[in-house]
Amino acid sequence: MANILEVSNLCAYYTEGRQIGFHKKNRKQVCKDISFQIKEGEIAGLIGESGCGKTTLVKTILGMNKEYTGEIKHYSEQPQMVFQDPYSSLNPAKKVGWIVEEPLRVKGGISKEDMHRKAIEMLKKVGLDEKFAERYPSQLSGGQRQRVCIATALMLEPKLLIADEPVSALDVTIQAQIIHLLLQLHKDMGLAILFISHDLRVVYQISDWVMIMKEGTIVERGTAEEVYANPQNSYTKTLIKTLADADEV
Amino acid sequence: MSEKTHGVKTMRKSEKEQAAKRINYNLRIGAVITITMCVFILIGFVYTPYNPEAMDETQKLAGISWHHFLGCDNFGRDIFSRVLKGSGTTLLVATGTILIGTGAGIILGALTGYYGGWLDEILMRINDAIFAFPSILLALVFISLLGTGTVNIVIALGIAFIPSFARIVRSEFLRCKNMDYVKQAKLIGAGDLRIMFVHILPNTLPVLLSSVMIGFNNAVLAEAGMSYLGIGVQPPFASLGRMLSEAQAYLFTRPGYALSIGIFIILLVLGFGLLGEGIKELK
């Protein structure tokens with residue numbers, strides 16, 4: 001299968017503080033020499049603790065962070081993203097229907113009726129019926145909001161979806177539902193997903209292969225089973241051991 | 001025992017009632033006053049009992065009567081007719097001021113808040129400099145440059161009102177621009193202008209709307225103040241401030257003259273003030 005995203009020797013930087021006036025700039029290297037490929041229709045997991053550079057990596061891949069060296073090659077349209085916090089990723093001033101229609105409206109060349117019909121279809125696909133279109137985000141629960149986010153992200157029919165900790169703000173039962181939904185969409189639409197989480201178990205459930213990230217570098221990669229059963233790197237071992245300990249308790 | 005439960009129940013009930021009252025209190029009274037005033041003023045545009053500029057020598061400083069509800073001024077002009085006409089002028093000036101102030105304020109605030117950087121630094125420093133002067137003093141400066149006249153008053157007050165609105169909009173944009181829904185909008189390919197005015201602006205409305213109401217009050221008072229000082233609306237046109245300054249000479253002989261105008265100003269400001277508070281409570 002063809003690659004859909006190729007990242008080679010990516011180093012990303014982050015500049016602290018304001019970039020104007022006489023403030024001293026503090027440029028930090030967040031990602032160090034990262035390379036990986038994602039193929040069409042596969043689910044890749046990225047695991048790392050908070051602050052290890054996951055979000056910077058995602059921003060760089062999506063073109064929101066311009067400070068980087070190395071190469072990022074997209075073999076599809078702009079990938080879309082599902083954000084971690086479903087409470088800030090939906091515009092509170094707009095109705096759900098408007099939010100879901102907006103990608104098509106921006107793209108243009110589509111009649112109002114078609115736009116509305118497609119939005120309703122997409123809402124149904126993510127498990128919400130059409131009455132949700134008339135509601136405001138504040139009237140929805142966290143899980144419902146995350147479904148709306150997924151619907152919005154899929155409106156432009158991207159080949160790659162980047163999910164940045166999409167379930168870490170949700171209850172465990174809702175987590176399972178959202179993961180199930182992502183898996184189903186992956187099957188139905190042949191969607192490739194880069195699934196990012198700090199929770200090893202969540203990633204293990206969903207991914208074809210995983211990367212473990214620590215302090216800006218990828219310390220281990222392999223299929224989920226391999227990494228889980230036979231970790232090579234000491235950091236991965238600690239991660240899995242902590243999990244096992246938590247299970248015993 | 002039963003008394004106790006009863007007590008708890010009534011307390012809860014009254015709390016609920018209070019909450020319900022609290023939500024509507026300001027808004028309702030504000031709306032009633034404002035609508036009544038607006039009806040008066042609208043009628044004033046079409047019909048006044050007497051020609052507000054016609055002088056009647058025989059009626060100089062006449063008291064309250066069936067023919068003249070609020071009496072007549074020193075030229076024998078009907079005060080009620082003049083108040084109607086005058087509050088219309090005041091209202092128009094205030095509306096124009098707010099339109100200029102919020103219009104330019106929204107554009108400046110959106111640009112500086114959204115883009116940040118040098119543009120923000122330069123514009124906001126200018127803004128601070130303008131903000132440092134009281135708006136009425138600033139308007140005085142503009143009037144001395146532009147000359148007097150109703151249109152010039154609107155422009156001068158409008159410019160003086162820009163900084164406060166620009167600030168409010170800017171701070172709201174700063175709050176919103178790092179939200180995930182803005183990033184999402186960028187990802188789907190929405191342009192900067194679309195993100196600013198379609199995605200972010202509606203989220204600033206609750207704050208903006210209540211400050212528009214307060215700004216409206218300030219504009220009414222500023223216009224009255226400037227006309228009182230004689231640099232606002234010029235005679236023979238009536239405006240509330242203009243009339244107040246004419247009335248002050250007869251404060252002791254005909255207190256009703258100044259009082260009736262003052263009450264009109266108070267009602268106008270009170271109505272919009274309460275309406276602004278009510279809107280603030282709504283969200």
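**Entry 1. Conventions**

I take helices (H or I, at least four residues) and strands (E, at least two) as DSSP runs, numbered from the N terminus. On that basis I find 8 helices and 9 strands in chain A. I note that this is a predicted model, in which local features need pLDDT of at least 70, side-chain atom pairs count only at pLDDT 80 or more, and totals for chains, interfaces and linings use all residues. Residues are numbered from 1 along each chain as its sequence is written, and chains are lettered from A and ligands numbered from 1 in the order in which they are written.

**Entry 2. Confidence**

I looked up the overall scores and recorded ipTM 0.85 and pTM 0.80. For single residues I used pLDDT, the predictor's confidence in each residue, from 0 to 100. Chain A has a mean pLDDT of 86, with 95% of its residues at 70 or more. Within chain A, helix α8 (residues 234–248) has the lowest confidence, a mean of 77, and helix α2 (residues 96–107) the highest, 93.

For chain B the average pLDDT is 82, and 90% of the residues score at least 70. Among the elements of chain B, helix α1 (residues 2–46) has the lowest mean pLDDT, 69, while helix α6 (residues 180–187) has the highest, 91.

**Entry 3. Chain A, overall form**

I compared the radius of gyration, taken over C-alpha atoms, with the globule rule of 2.2 Å times the number of residues to the power 0.38. For the 249 residues of chain A a compact globule would have a value near 18 Å, and the 19 Å of chain A agrees. The C-alpha atoms of chain A fill a box of roughly 55 × 55 × 35 Å along the principal axes.

For burial I counted other C-beta atoms, placed from the backbone, within 10 Å of a residue's own: 20 or more is buried, 12 or fewer is exposed, and in between is partly exposed. I find that 39% of the 249 residues of chain A count as buried. Of the contacts in chain A between residues at least 6 apart in sequence, 69% join residues at least 24 apart.

**Entry 4. Chain A, domains**

I recorded the division of chain A into domain 1 (3–79 + 163–248) and domain 2 (92–157); such bounds come from an automatic or database domain assignment. The C-alpha centres of these two domains of chain A lie 26 Å apart. Across the boundary, 9 residues of domain 1 are in contact with 9 residues of domain 2. The domain 1 side has 7 nonpolar, 1 polar and 1 charged residues. In this classification Ala, Val, Leu, Ile, Met, Phe, Trp, Tyr, Cys and Pro are nonpolar, Asp, Glu, Lys and Arg are charged, and the others, Gly among them, are polar.

**Entry 5. Chain A, backbone angles**

A:Asp33 lies in strand β2 (residues 26–39) of chain A and is partly exposed, with 14 other C-beta atoms within 10 Å. A:Glu215, also not a glycine, has a positive phi of about 45°. I place A:Glu215 in the loop between β8 (209–214) and β9 (217–223) of chain A, and A:Glu215 counts as partly exposed with 14 C-beta neighbours inside 10 Å.

**Entry 6. Chain B, overall form**

I count 9 helices and 0 strands in chain B. The radius of gyration of chain B is 24 Å, well over the 19 Å that the globule rule gives for 283 residues, so chain B is more spread out than a compact globule. The box filled by the C-alpha atoms of chain B is roughly 75 × 75 × 30 Å along the principal axes. Of the 283 residues of chain B, 42% count as buried.

I also checked helix α9 (residues 255–282) of chain B. An expected span is 1.5 Å times one less than the number of residues; for the 28 residues of α9(B) this gives 40 Å, and the end C-alpha atoms are 40 Å apart, which agrees. The buried residues of α9(B) include B:Tyr257, B:Ile261, B:Phe264 and B:Leu268.

**Entry 7. Contact between the chains**

I find 17 residues from chain B and 20 residues from chain A in the contact. On the chain B side, α3 (117–131), α6 and α7 (192–228) of chain B each give two or more residues. The largest share of that side, 6 residues, comes from α6(B). By class, the side of chain B that touches chain A has 7 nonpolar, 5 polar and 5 charged residues.

How values were computed. Contact = placed C-beta atoms within 7 Å.
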